[in-house]
Structures are given as C-alpha cells and as structure tokens.
Amino acid sequence: MNSLTAQRGDINDDDLQVYSEADSSFASDAPDVPLLTHILSVLRRRKWLILGVVGAALLAGLIFTLLATPLYTAVSTIEIQRESTGIVDVAGARPKNEVADQEFYETQYGLLESRALAERVATNLRLYDDVKFFDSYKLPQRTTWFQGGRVNPRASRREDRIELAGAILLKNFKIKPARLSRLVTLSFTSPDPVLSRRVVDAWSGAFVELTLERRVGATAYVRTFLERQLAQLRNRIYASEQQLVSYARQEKIVNLPVAANADGQSGSSERALVVDDLATINQEYAQARGDRIKAQSRLGQAGGSVSESLTNGTISALRQRRAELAANYARMMVQFSPGYPAAQQIKTEMTQLDRSISAEEGRVGSTLNETYRASVERENSLKRQVDTLTQAYLNVQQRSIQYNLLQRDVDTNRQLYAGLLQRYKAISADGGVGTNNIAVVDSAELPVKPSSPRLLINLAIALIGGLGLGVISAFLVEQINQNISDAADIESLIGIPTLGAIPKVMGQDPREALADRKSSMSEAYLSLRTNLSFSTDHGIPRSILVTSTRPAEGKSTTSYALATVIARSGKRVVLIDSDMRSPSLNNMLNVTNEFGLSNYLAGDKDLTRIIHPLEAGNLFFIAAGPQPPSAAELLASDNVTQLIADLLLQFDHVIFDAPPVMGLADAPLLSSEVEGVVYVLEANATDRRMVRVAMNRLRSTRANVIGAVLTKFEPKRSQYGYGYDYGYGYGNASSKG
C-alpha cells in the first residue's frame, strides 16, 4: 500500500527515467507499414496545414509580383568565329583543336563580361553623367554626386562614376552561348526598355571594336618580335654550323647520309664495323652460353650421369640382361642351394654384367664432363671478345655524342628560322587587316513586355515552394506530435492487444447512440464484448476494471457501454463508479450519490442500500458515494476483496469505472483485485509517453491488462490510412453487396 500511495502525484522526469528501459522495448516493435502508405497518410491528415502553407506562399508570391518594379530585357545575338592565333607552326607546339577551341571561346566569353568592356560601354553611352540611369537603380551615391539633375563635379570624379556605371552594367548583363555553335546571346535588363536596347547594341559594337584593336595591336607587336627573332636565329645558325665543322675535322668524323628518320626528316649517323662484329659475336656468345647450360644440366646436380645413363641404349640392354639373370637365379634358389653349378654360373655372369655396367656408366660420365669443360671454355672466350668489342663501340659512341648534339642544334635552328620566316612573310602581307571574326547576327529590339516579374512563373515557384514547405511542416508536426492516432500503434507502444476502436459520435448523447443497436458506437462496443470473450478460458472476465491515462478520455462511457452490451446478452452485470474523488456516472444515469462505494468500504456492508437497478433488467449500478478523506486508504483495505466476492455471488460480472492512472494510486490499487483491466485511450489526444509510464505503474502491481480500447476514433485522421466501419448495411439498401 505504501509503495502504491507513493506513486501519487504528476508525472515527472524521474518517472520517465525509471520506465525508459521498458519504453525502448515497446518502441522496437514498430508496425510494419509501407513507407508510401505512411507518407500518404501523413499528407492526408495534415492536408489543411499543407494547404495553409501553400496559400500563404501563393499570397506572398502575388504580393511580391504586384510590388516589384517591372524590368525589361533586350536581347541581341553575335557570332564568334575561330581565328588563327598560331605564330610558330611547329608540330606538337599547339594543343589539339578541341582543347584550343574550348579555351578560345571561354576567353571570348570572359572578354564579353570584362570590366574594361563594361566601362567602355558606359563611356560610349555617357551613362556616367546620366542622372536617370543612377536614379533607376536607387544608388546612395546619387544624393551626393548629382544636384538639381546635374553632375556635382566637387562630389565625385569622372573615373569613379564610370567605374560604378560599369559595375551596374555588369551586374545586369548576361551572356548565353548556344550549345554546339558559335552564336552567343547578349541580354541586358533594366527598368527602362530603351536603355536596355541601347546597352545591348553598344555592348556588341564595343566588343567588335575591342577585338579589332587587339588584333591590330597584336599584329604590329608580332611583326616586330619576329624581326628580332629572325636576326638572332641567323646568327645562331652560322655559329652552330661553324662549331659542327670544326669538331668533325678535329675528331676525324666522316658521316654518310642514311635513310630518313621516324619524323620524316633526314639525318646522319655513323655505322662502324665494330657494330656488326659486336652483333655477330654477341649472338655466338648467347648460343655458347645456352650450350654450356645444357651440358651442365646433363651432368645432374652432383656432376654425375644419372639421366644420361638412363637413356643410354647399351646400359639399358646390360641392365635388362642382368634383371633376367637375377630372376633365373631367384627361381633356382627355390629348389637348389647357392653351391649348385648352374646357380654359380649365373652368379658369375651377373657379376660380370655389373662390372660392364659400371664401366659404361664411367665412360658416359667422363664424356659429359669433357663436353661441359669445352662449353665453359668457349663461353668464356666469347665473353672476352664481347667485352672488347663493347668497349670499342662505346669509344665510337663517345666520339659521336658531341657531334650529334651539334648536328641537332644546326637542324633545329634551320627549322625555326624557316618557320618564323614564313610566318613573318604572311603577317607582312596582310598587315593584320581582314574580316573581323566577330559579327552581329541580330540587333536588339525594343522590349514591349517586361521580362520580370512574371506572375505565372512567380506563382508557380510559390506553389512549388509552398508545397515543399507544407510537406516539410507536415512531417515536422507529425514528428513533434506524440499522440496516439491509430489502433495499430497500441500494441507496438504499450505491448497489449487492441480490443476495439470506438468511433467518435458528433452531436449525439452517448446513451442515445448506445440505445440504437444499429449505430456505429453500439456495433463498436458489441465488437469489444466479443473480443473480451476470448480474453480468458471462461469467456469475459467476471471482474473488470476500466481506467485511462488521464480524465475525459471516454473511460466512464466505455464502462457504461461495456456493462450495457454484456447485460443485453442475458448476464447480470453491476457497474461500480469507483472514482470517489470525481464521480460522473451518477449524473449520467440520474442516480443519487448519497450512498455508494465509499460507504461499503468504510464499514457499511448493506449492499441493498447501494445497488441501484437501471432501466435494463440485468444492469445494476453502485455510485461512488460521499467523498472520503482518503480514497486510496479505502481502496487499499480488504473490503475491496470482500465487495467483489459478495457481488460475484449475485452477479455474473462486476465492472469498475476507475479513476485515471496518472497522479493517483486508486487505479493501481483496484487493478490488483480484479480479473482483468481494460485500458482506455483517446485517439489523437493521449500522449504516448504518458501511456508508457501509466502502463508501467499498472504492471508494477501485477495487474492483468487484457487490452486497450481506442475511443473517439476518427478514421480520416488514422495514421495508416485505414479505419473501422460499423453498422454495415443498416438502413442503406443500396450499400448491401
């Protein structure tokens, strides 16, 4: 009793800590629901939140569109052709066309968006002195730079205004290269359509001028540069040829022309006789080394002649003859002794054959040794000749290294001089004058309609953003919400089966709904009675306690309804209002509360004074009675056990309408006295953490919790998108299958 009384009071963090281990075991049994079903269920239940967020986003998009300043965009198209920029036409000195083209066009795009070009456009259009231009962008400098619609020369410099105007143009200017083509679209956006067209046309014109200036300047610079390079190369060719001739005379090197090199250019090299001799001797040396290795392998690991003896025909014949004699000798020894003359003759012949085999094997081994020594001597001799010829070849190569270097210097200088001379002639011929590689394809037209803001696009963006934000908000609210919304959650959360789901009745008294046996509530409680009949081996428990987590969850209604449906089956049922702190059933049933449960528990054992028959012949009621000083002490007495025993002598079932579990010790005290406990949960209102703590309080008293009943259930707010339908076919013939 003391431990249960100590549980009184509100839930706190200590309670959650105590039962956290049990909570984790419940949370692990999540319902196996498809992800798509869960998502659709959340969207359906939070549809008004999503629609509200979408509506707010659309309203914000509409307000932004109406308040935004109209902007006009002018567009023109130019063509950028690939120009030849190679000065030195040497194979491998320039990248491949694909890479070069990409680099060239990326460079042109960078030039189009350069600060220098923007400032040139601002200068050509004299925007640095245009008051309207600066006013249209609401710049803070305008208040000091301009006075009375004119420039204040004391407040700013011309360079500062040009720089700011160029920055404004760059910020509102865009280029868009057409994929897989040489066309580039230029666009400029401003509040003034005329200004937009002027800027785009001036931009393309300034880019053409800038490109021509760069080409002419680059041509003059290249021509001067090539003249200096040609003079230097002439001197280098003369000096390198002189050095080559002097070195050839000093070292007595005479080279004869040979075939063209791999790069297609003829060259010279020295082909000495020592090269051929070295190749021939080296081939002989390789063959001799192979012969030596072969002879060494024939000797065996220890220099013997085991393998050679096995393949020698003479030795094989002698060994075969000896094997035959040994076989005859063995057969003879079976009948005769070793002294038998025929046996001695065979023995003598076998001894002679052994000596012949040994002599033949010795001869073979001697021959292999001689062959091996001869191959070793030949290999060593050839190796000495190879070393000698190699040294001679290296001397020849040493003499030719410097000569070849000097020859390559001469060839390189001649090639460079020829290439630069050809390029210099081509540049001198055209002088950098020709068709410009930049051409204006389409000039800008005066924009008639504003490019922004666009009402439909803004509303579409607002709609998409609102939907995304609404969906995110729905799932955030779903994560924050800890209430139980579906019967499928109950078993995974608190570990007990679901006995039934009672639909929510709108605008109707529960007693009236129960009186109508065709109503959905009546059918739901009938299903609850059926499920209870399978909870024990003898059917519905004889003593039942109905409780909940907190007040106003439908606990009293469930107690009355359960008693009613059981009484309709012909059983005698007594309903007891055991909430002596805040009784409610007496008001619902219009029964006086003058005498009741508290009187019996206090010592008045007259049951006839407290039992009230109701309108149904098999249903009786015991009120809570006057409020006692301590309800928990009364419920902890042995009178509760006596009361249940006395009532079960007169009635088939006893049903207690108990107070809530949280904050009170009444329900845990009563739960240990009854056969079964029915736990009531209000859909979309009962916090799952509170339920776990309450269930653990009941389990601590070893209460037999049969199952849970979900009250005030709304199928449309079900978490997994399915509900329960009662009263099928009543009063609706069209719905019958």
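**Rings, helix pairs and backbone**

Tutor: The model before us is predicted. Let us begin with the aromatic rings: the structure holds 5 aromatic pairs.

Student: How is a pair of aromatic rings described?

Tutor: Such a pair is described by the distance of the centres and the angle of the planes. In this structure, ring pairs join F104, Y105 and Y109 into a cluster.

Student: Which residue has the charged end of R609 over its ring?

Tutor: That residue is F595, and the charged end of R609 sits 3.8 Å from the centre of its ring. A further case involves K605, which lies over the face of Y600 at 5.7 Å from the ring centre.

Student: Let us turn to helices. At what angle do helix 7 and helix 10 pack?

Tutor: Helix 7 (residues 115–124) and helix 10 (residues 158–172) pack at about 110°, and their axes are 8 Å apart. Angles from 65 to 115 degrees count as roughly perpendicular, and helix 7 and helix 10 are therefore roughly perpendicular to each other. The crossing of helix 7 past helix 10 is right-handed.

Student: Which residues make that contact?

Tutor: Helix 7 contributes R115, A118, E119, V121, A122 and T123, while helix 10 contributes R158, I162, E163, A165, G166, L169 and L170. Sorted by class, the contact of helix 7 with helix 10 has 7 nonpolar, 2 polar and 4 charged residues.

Student: How should I read helix 5 and helix 16, whose axes also cross?

Tutor: One again takes the distance and the angle. The axes of helix 5 (residues 47–67) and helix 16 (residues 455–480) come within 7 Å and cross at roughly 150°. Since angles over 145 degrees count as roughly antiparallel, helix 5 is roughly antiparallel to helix 16. Helix 5 passes helix 16 in a right-handed crossing.

Student: How many residues of each class are in the contact of helix 5 with helix 16?

Tutor: The contact of helix 5 with helix 16 has 17 nonpolar and 6 polar residues, and no charged ones.

Student: What is the arrangement of helix 19 and helix 20?

Tutor: The axes of helix 19 (residues 520–532) and helix 20 (residues 555–568) come within 9 Å and cross at roughly 75°. That angle makes helix 19 roughly perpendicular to helix 20. On the side of helix 19 the contact is made by S522, Y525, L526, L528, R529 and L532, and on the side of helix 20 by T557, T558, A561, L562, V565, I566 and R568. In the contact of helix 19 with helix 20, 8 residues are nonpolar, 3 are polar and 2 are charged.

Student: Let us close with the backbone. Is the peptide bond from S452 to P453 cis or trans?

Tutor: The bond from S452 to P453 is cis, with omega near 0°. P453 lies in the loop between strand 8 (438–442) and helix 16.

Methods: Residues numbered from 1 in each chain as written. Predicted model: local features only at pLDDT ≥ 70, side-chain atom pairs only at ≥ 80, totals over all residues. Heavy atoms only, no water. Phe/Tyr/Trp six-rings, centres within 6.5 Å; stacked < 30°, edge-to-face > 60°. Lys NZ or Arg CZ within 6 Å of the ring centre and 35° of its normal. Axes fitted to C-alpha atoms, helices over the stretch in contact; angles between N-to-C directions. Helix = DSSP H or I, 4+ residues; strand = E, 2+ residues; numbered from the N terminus. Parallel < 35°, antiparallel > 145°, perpendicular 65-115°, else oblique. Left-handed = near helix turned anticlockwise from the far one by under 90°. Contact = heavy atoms within 4.5 Å. Nonpolar A, V, L, I, M, F, W, Y, C, P; charged D, E, K, R; others polar.
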